[in-house]
Amino acid sequence: MASIDASTSLQGFREAFHARWATMAARERRLVTVALWLAALAVLVLVGIRPAWRTLQQVPAQQRELGVQLDQMRRLADEAQALRGRPPVPPAQAEAALRAASERLGGRARLMMQGDRATLMLDGVSGDALATWLEEARAGARVRPLEATLTQTSPGTYAGNVVVGLAPGPTAR
């Protein structure tokens with residue numbers, strides 16, 4: 001029923017437009033035609049061209065950002081490849097490296113060794129000190145982070161646990 005009402009109302013609009021068009025002078029018809037063309041052109045520009053133009057304007061900035069991200073990913077991949085190429089660290093040496101890095105954190109951190117895992121318990125350690133510890137642990141002991149449960153106690157300081165896994169290394173002889 002709604003489609004019948006819509007078609008009759010469209011038919012009624014069309015008939016009213018043709019009746020009005022027939023009563024217009026030639027000059028008025030030209031003005032209405034020009035106005036309709038201008039309206040169609042405005043709709044085409046607003047709907048079709050402007051969004052595409054905006055997208056084209058944003059492309060160089062997005063390309064630069066993606067280039068920076070790609071460079072960072074390549075650096076990380078190179079670093080990961082270099083770390084894979086390093087010889088494994090014996091467990092005793094890895095433990096010593098972790099303990100040395102943990103001692104630099106002072107009394108705010110405590111390290112517990114459990115087989116091939118180490119848990120660092122933190123209380124009020126700065127984010128920079130934690131990042132330095134992770135870097136030292138990764139480079140010196142060749143550990144990989146497995147789990148981190150951290151809460152920010154105040155701006156820039158953290159409390160919680162960081163669990164790292166020791167890479168299997170050669171046994172001490």
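Q: What makes two helices count as roughly antiparallel?
A: An angle over 145 degrees between them counts as roughly antiparallel.

Q: Why are H3 and H4 called roughly antiparallel to each other?
A: In this predicted model, H3 and H4 pack at an angle of about 160°. That angle is set against the cut-off of over 145 degrees, and H3 and H4 are therefore roughly antiparallel. Their axes lie 9 Å apart, and the crossing of H3 and H4 is right-handed.

Q: Which residues make the contact of H3 with H4?
A: H3 contributes Ala94, Ala97, Leu98, Ala101 and Ser102, while H4 contributes Trp133, Glu136, Ala137, Gly140 and Ala141. By kind, these residues of the contact divide into 7 nonpolar, 2 polar and 1 charged. Gly counts among the polar residues.

Q: How are the 4 strands of the open sheet arranged?
A: Their order is E1-E2-E4-E3, with antiparallel pairing.

Q: Why is one side of E1 and of E3 left without a neighbour in the sheet?
A: Strand E1 (109–114) and strand E3 (143–154) each have a single partner strand and stand at the edges, so one side of each has no neighbour in the sheet. From one strand to the next, the twist averages 10°.

Q: How do you know that E3 and E4 pair?
A: Pairing needs at least two bridges, and 10 bridges join E3 to strand E4 (residues 157–166). Two examples are Ser154, which stands opposite Thr157 in E4, and Ala148, whose bridge partner in E4 is Val162. E3 and E4 form a hairpin with 2 residues between them. In the turn, Gly156 has a positive phi of about 90°.

Q: What shows that E2 and E4 pair?
A: The cut-off is again at least two bridges, and E2 and E4 have 9, in the antiparallel sense. Here Ala118 stands opposite Val164 in E4.

Q: Why is E4 described as largely enclosed by the rest of the structure?
A: A residue is buried when its relative accessible area is under 20%. Of the 10 residues of E4, 8 are buried, so E4 is largely enclosed.

Q: Where does helix H3 lie?
A: Helix H3 (residues 91–103) lies across E1, strand E2 (117–126), E3 and E4. H3 runs at about 165° to E1. Helix H4 (residues 127–141) also packs on the sheet, touching E1, E2, E3 and E4. The direction of H4 makes about 155° with that of E2.

Q: Why is Arg75 called exposed?
A: Exposed means over 50% relative accessible area. Arg75 has 53%, so Arg75 is exposed. Arg75 lies in helix H2 (residues 26–85).

Methods: Residues numbered from 1 in each chain as written. Predicted model: local features only at pLDDT ≥ 70, side-chain atom pairs only at ≥ 80, totals over all residues. Heavy atoms only, no water. Axes fitted to C-alpha atoms, helices over the stretch in contact; angles between N-to-C directions. Contact = heavy atoms within 4.5 Å. Buried < 20%, exposed > 50% of the residue type's maximum accessible area, 1.4 Å probe, protein only. Parallel < 35°, antiparallel > 145°, perpendicular 65-115°, else oblique. Left-handed = near helix turned anticlockwise from the far one by under 90°.
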